Amino acid sequence: MPDRPSKGKGRAVSLITGPDDPEGILIREDPARRRPGSRVSTSSTPFAFTTLEPILSTQQIFTLPPRPEVDTQKNLFQNNAGRMRDDPIEFGKFVTSYATGSGWRSYSDYIGPRVMYEGYSAKCIKDLLESAPVTKKVRELSEARLHALNLPPEVDREKKLADLEAQLNDVTRDIAVHLCATMDSSRREQHSCTHVQPRHTHFPTRIHRRKFRSILLLLGNPKEKESLTGLLLNTRVIQLKLGRIDVRFQKPFSLKGFIAEQTARTVELRESTPGPPRNTKKDQDVLLRRLGYQVLSDINKVAVIMPAALIGSIMLTIRGRGVGRSELIKRVGWLRAAIEARGGRVAEFANTETEQVVDRALVVLKDVIGEHRDLIEPTFFAISRFELSFYRNQIMHLFVSEAMLAATLYTHVKAGGAAPSQRMKRRDVLDQLSFLSRLLQNEFVYGTQGLEANANATIASLERDGVVLIEDELIGLSPLERATGRENFDFYCFLLWPFIEVYWLGAVSLFSLTPIGNPPSADATVAWVAEKQFQKNAQLLGKNLFYQGDVSYLEAVNQATLSNAFLRMVESGVILTRKSTSPKHKGLPLMALHPSWVPRRLPSGDIAPTGRLWGFLEQLGAFRREGKNRRDNSTGRPRFLPDFKAKLSDTFANLAPVVSSRVFKHCSAIAPPILEWTPFTGVESVDNEFWAVKANL
């Protein structure tokens, strides 16, 4: 072997590595460089390998001139060294340069090979198809296919091989076209359309309320708007170390194409189905909602469920004060398998046992999940259910159908009694599912096959899993599910109950819009109140009901979730909205109950539990979770005052009230002042088709 390079002014170089040596490329112009000679040799091993052995000589060693001491490298980051944590202002300038394409990121005078010119994308595709690995793989696959065909001798094998290669090249070209982005112009305004890029970001380490003041959310206050400026000015947030951040992207889609497709769909539907005249504002709202559903659906497709989400979801879907370690591990394993069976993605455990994964995740969740250690086995309990709901909502989209069906069956299961009495007829199940799914349609994305087809598929799936039992046209819990303590059935119910609670609270708060006293004139039948004031009062009512036991979930008090419930009631024709035109309140958003939904008051001034709003509340209350103060949908019956019950007719006295007299008194206490009285002309709203009997959507 030649000597190693010396450390003097010159360097000894060996050419034994051949022309592929990087150092050899640098000295290609040196005439002294030549390929070493070689001789044929046969090894003395039993296999008798014949090899080419290089002939080394002293003539093949020469000395390179010393390299210059001047550093020819250019540090592109020398003037852009700002980091988010060290220098937020300089980092902001750096991001601005990137966005505007200025400085060393310029699109016209940049460092490196040419990009972003006419024909650049085609060249990338051509280079990819002509690359050695691609052509080699195409050749290998073609030969393998030719060999597998077992062609007779008279067939021209070379011609057949060429045909196979041509077919594979077409397939390869299609793949390459989809892989390569179109980058033929540096001028961004030349793009004919905008693409939407759905993205899912997950932080295994949850940022808790002490750092982000989310106690405001717990009390029902709106969430502060996020901004880049606010992030840069909040140095404490910038210094947080959140560990691994999982970011995944779904395939982007053309916004222009999406709008064109949805517009054509709307026009076709309007032409085939007669209805009210076109409402541009309503069409825009529908289009925006469809876009949101499309983005949400794409995000859900690439979302990966982390172990913390599995544990957080289990903690919120069990009965009792806590869960033992062994039971928690078992439920996490079940949930992981259930998610994967529905096409969801769960983070790989990397051959780690479930026990170890659970233990590690509990360390991350130590601020929201507590542990009792002085027991027979470690027992875990929820410290902050509100913050754990962040993890539950990550898996909710995978179990919407099962949760709705379970909540529907629960209307009979919670009544108790013998198992046969807790079963429901299939037609009744579909009717209740129709009501519940249409009420919550702004919360979830449903399948496109229609209600009855989706319900049948869900029922069959739960029957295979041993959750429900089907006997003729009757559906109920299976004996196996009852024997295991309804753990899977309860899991599905717990997922949906918080959403049902939100809409129940929204419906209850509407009783506060019952006018006190007579209107100023006989034709003034619509009492308008300030929308913001009403929503603020509804939150106050929700907090009172939560702390007094009539509301089970604090999430129901949040302004954003309540706003969704009120929006659905506007769409359903229960609530009327408009802006004030009076000089005193001009432009102020107003709301009112539809005249046919306004409850009446008894001579004593109490709200009578009758009418359409009461019937709606009674139907919705049947899906609610049975709680300490509510049992079997007979909520409040023992708490109604005797004199109040005596004022009811015999018909209503036999009803099972769904709210207590105390709730009605709270509603009267938060009643907002009436700002305007107007006659009802029918222009504000029409009776919505939501209330028609529709078992198949």
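This is a predicted model: local features need pLDDT of at least 70, side-chain atom pairs count only at pLDDT 80 or more; totals for chains, interfaces and linings use all residues.
**Helix pairs**

Two packed helices are described by the angle between their axes and the distance between the axes.

| Helix pair | Residues | Angle | Distance between axes |
|---|---|---|---|
| H12 and H13 | 307-315 and 325-341 | about 115° | 10 Å |
| H16 and H17 | 400-413 and 426-439 | about 120° | 10 Å |
| H21 and H22 | 531-547 and 559-571 | roughly 120° | within 11 Å |

Helices H12 and H13 pack at an angle of about 115°. Angles of 65 to 115 degrees count as roughly perpendicular, and H12 and H13 are therefore placed in that class. H12 passes H13 in a right-handed crossing. On the H12 side, the contact is made by Leu310, Ile311, Ser313, Ile314 and Met315. H13 contributes Leu328, Arg331, Val332, Leu335, Arg336 and Ile339.

For H16 and H17 the angle is about 120°, and these two helices are therefore oblique to each other. Their crossing is right-handed. Met404, Leu405, Ala407, Thr408 and Leu409 of H16 make the contact with Val429, Gln432, Leu433, Leu436 and Ser437 of H17.

The axes of H21 and H22 cross at roughly 120°, so this pair is also described as oblique. H21 passes H22 in a right-handed crossing. The residues in contact are Phe534, Gln535, Ala538 and Gln539 from H21, together with Gln559, Leu562, Ser563 and Phe566 from H22.

Helix H5 spans residues 157-179.

Side chains of opposite charge can pair when their charged atoms come close. In H5, Lys159 and Asp163 lie four residues apart, about one turn of the helix. The side chains of Lys159 and Asp163 meet in a salt bridge, with an N to O distance of 3.5 Å. Across the whole structure, a search finds 25 salt bridges.

Definitions and conventions:
Residues are numbered from 1 along each chain as its sequence is written. Side-chain values use heavy atoms; hydrogens and water are left out. Axes are lines fitted to C-alpha atoms, for helices over the stretch in contact, and angles run from 0 to 180 degrees between N-to-C directions. Angles under 35 degrees count as roughly parallel, over 145 as roughly antiparallel, 65 to 115 as roughly perpendicular and the rest as oblique. A crossing is left-handed if the near helix is turned anticlockwise from the far one by less than a right angle, and right-handed if clockwise. Contact means heavy atoms within 4.5 Å. A salt bridge is a side-chain nitrogen of Lys or Arg within 4 Å of a carboxyl oxygen of Asp or Glu.
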